[in-house]
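Subject: Structure handover

Hello,

Here is the structure I said I would pass on. My notes on it follow below.

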Amino acid sequence: MQKPFDLSKFRTGITKSISGISAGFHDPQDWISTGNYTLNYLISSDFNKGIPLGKVSVFAGESGSGKSFICSGNIVKNAQDMGCQVVLFDSENALDEDWLQALDVDTSPEKLLKISVSMIDDVAKAISEFVKDYKAHYSDLPYEEMPKLAFVVDSLGMLLTPTDVAQFEKGDMKGDMGRKPKALTALVRNTVNQIAPFPIALIATNHTYASQDMFDPDDKISGGQGFIYASSIVVAMRKLKLKEDLDGNKVSTVQGIRAACKVVKSRYAKPFEGVQIKIPYETGMDPYSGLLEMLETRGIVDKVGNKLSYVSPVTGEEIKEFRKGWSGDKLQIIIDEWSQNPKATGVEQDLDVGDVDPDEFDNIEELMDES
């Protein structure tokens, strides 16, 4: 009988001899919560997960749609809570320390390194140097012993190319001749390959711009499509006005924003599901925001008279409250039952999530005008 080829020996040899190559599967083992249970589920099929380490995730939307709130605020804070150090690239010069601290971000130097950047090349060089040093010190350790690290870029849309800078210095603004999309694509593709085997994540925000094509009027994500193809997760966002007080009563004045989030690309959940997350100016985002609407749409919570009722398929107990009486502790009961025993509750992975009309986002680039 012919002797089989020793794949394990070949694997060891090829990974040592060729730079930039790794063997085996790299399924995510660590996840960073977005700060919202429903959005977590839409991205990862798990209420308590969210953004995976070892992958690239992009949040794209118009100005004021909540991108920085989620990425530079919630995700950074939750990354720190799980022992993950954060390198925050600020290309907009808008992430003030007081604002970050108000979102419970630890801005101490040992927990957060904030770097102000203006050029794509600088971000690429910094990430490359970080990962090179990381590999030199930790690549031989078991995955569980490797330190966790998250790169957050806020935002890709404001980054410049060397051509942009040179033209500005000369006072001759002719555009970068298409170099920026290529540079962004190279940044993301190289980062994907470098971080895949390690507990390192890249989370980036990006802008959208109005289309100049009369035959294709949908808003576009800036920077082209290359970096979108290389990303594992893309969340499209748009800004809506929140006209409710803290008790849920309709008011005429704007009390905050409703961040309409649609997961247009995910490798871990059913794509094109959405949720509207309420972010009041006074209190900030409730992590349960949008969850009750999802439960009602799915039929997990039923309307009985003027109340909403949930009957536990596990214990048989009923929770029956007016809509405003559904506080976080009651919703947490449902989350726990789904998470611990999804078969008993009859909850499948492809949950139908309401509160965002599917027609609002027709494709990966479309972000609608403010309603």
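Helices (H or I, at least four residues) and strands (E, at least two) are DSSP runs, numbered from the N terminus, and two strands pair if DSSP finds at least two bridges between them. With that settled, β14 and β15 form a hairpin with 6 residues between them. Gly316 in its turn has a positive phi of about 80°.

This is a predicted model, in which local features need pLDDT of at least 70 and side-chain atom pairs count only at pLDDT 80 or more, while totals for chains, interfaces and linings use all residues. Residues are numbered from 1 along each chain as its sequence is written, and side-chain values use heavy atoms, with hydrogens and water left out.

Confidence

pLDDT is the predictor's confidence in each residue, from 0 to 100. The chain averages 85, and 82% of the residues score at least 70. Where pLDDT is low, the predicted coordinates should not be read in detail.

The sheet of 8 strands

An open sheet is formed by 8 strands in the order β5-β4-β6-β7-β3-β10-β11-β12, with mixed pairing. At its edges stand β5 (112–116) and β12 (273–280); each has a single partner strand, so one side of each is left without a neighbour in the sheet. From one strand to the next the twist averages 20°. For this and the other angles, axes are lines fitted to C-alpha atoms, for helices over the stretch in contact, and angles run from 0 to 180 degrees between N-to-C directions.

Within this sheet, β4 (residues 85–90) and β6 (residues 149–154) pair in the parallel sense over 6 bridges. Phe89 has Val153 of β6 as its bridge partner. Helix α3 (residues 67–81) packs on the sheet and touches several strands, among them β3 (56–61), β4 and β5. The direction of α3 makes about 150° with that of β3.

Two backbone details are worth a look. A cis peptide bond, with omega about 10°, joins Asp154 and Ser155; Ser155 is in the loop between β6 and α6 (162–170). Asp104, in the loop between α4 (97–102) and β5, is a residue other than glycine with a positive phi, near 70°.

β13 is joined to β14 (residues 307–311) by 3 bridges, with Asp302 opposite Ser309. Between β14 and β15 there are 4 bridges, and Leu308 stands opposite Glu321.

A helix pair

Helices α9 (residues 291–298) and α10 (residues 328–340) pack at about 60°, with their axes 11 Å apart. That makes α9 oblique to α10; angles under 35 degrees count as roughly parallel, over 145 as roughly antiparallel, 65 to 115 as roughly perpendicular and the rest as oblique. From α9 the contact uses Leu291, Leu292, Met294 and Leu295, and from α10 Leu331, Ile334, Ile335 and Trp338.

Regards

Key:
Contact means heavy atoms within 4.5 Å.
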